[in-house]
Amino acid sequence: MIVCSVSAGVAVISEIGNRRRNNRKDIDKVGFMPWSFVTAMALLVFGISVALGTGLISTE
């Protein structure tokens, strides 16, 4: 469940970064961080770790 909480934190931070990028005042100042990809991967890890932690997916 540690992986679950870390990936949830990363997803929240990346969504905040994505929101800040979308609402920037100077449209010409583009960033280099792919926030959408980071959010998607964090949510994928979150979902898999929740499924493994609750026993919905078995590793046996």
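**Note on N18 and the chain around it**

1. N18 lies in helix α1, which covers residues 2-22. The model is a predicted one, and the chain has two helices and zero strands.

2. Is N18 buried or exposed? Its relative accessible area is 11%. N18 therefore counts as buried, because that term applies to values under 20%. Buried residues make up 17% of the 60 residues in the chain.

3. Which residues does N18 touch, apart from its sequence neighbours within four places? The contacts of N18 are with W35 and S36. A further distance can be given for M33, which is 15 residues away from N18 along the chain. The C-alpha atoms of N18 and M33 are separated by 9.1 Å.

4. Contacts across the chain come next. Of the contacts with a separation of 6 or more, 67% are between residues 24 or more positions apart.

5. On overall shape, the radius of gyration of the chain is 15 Å, while a compact globule of 60 residues would have one near 10 Å. The box filled by the C-alpha atoms, taken along the principal axes, is roughly 50 × 15 × 10 Å.

6. The accessible surface of the chain is about 4900 Å². Carbon and sulfur atoms account for 68% of that surface.

7. As for charge, the chain carries 6 positive and 4 negative side chains. The centres of these two sets lie 11 Å apart.

Technical notes. Residues are numbered from 1 along each chain as its sequence is written. This is a predicted model: local features need pLDDT of at least 70, side-chain atom pairs count only at pLDDT 80 or more; totals for chains, interfaces and linings use all residues. Side-chain values use heavy atoms; hydrogens and water are left out. Helices (H or I, at least four residues) and strands (E, at least two) are DSSP runs, numbered from the N terminus. The radius of gyration is taken over C-alpha atoms; the globule rule is 2.2 Å times the number of residues to the power 0.38. Buried means under 20% relative accessible area, exposed over 50%, partly exposed in between (1.4 Å probe, protein chains only). Contact means heavy atoms within 4.5 Å. Accessible areas come from the Shrake-Rupley method with a 1.4 Å probe; for residues, only the protein chains shown count as cover. Lys and Arg count as positive and Asp and Glu as negative; His and the chain ends are not counted. The place of a charge is taken as NZ of Lys, CZ of Arg, CG of Asp or CD of Glu.
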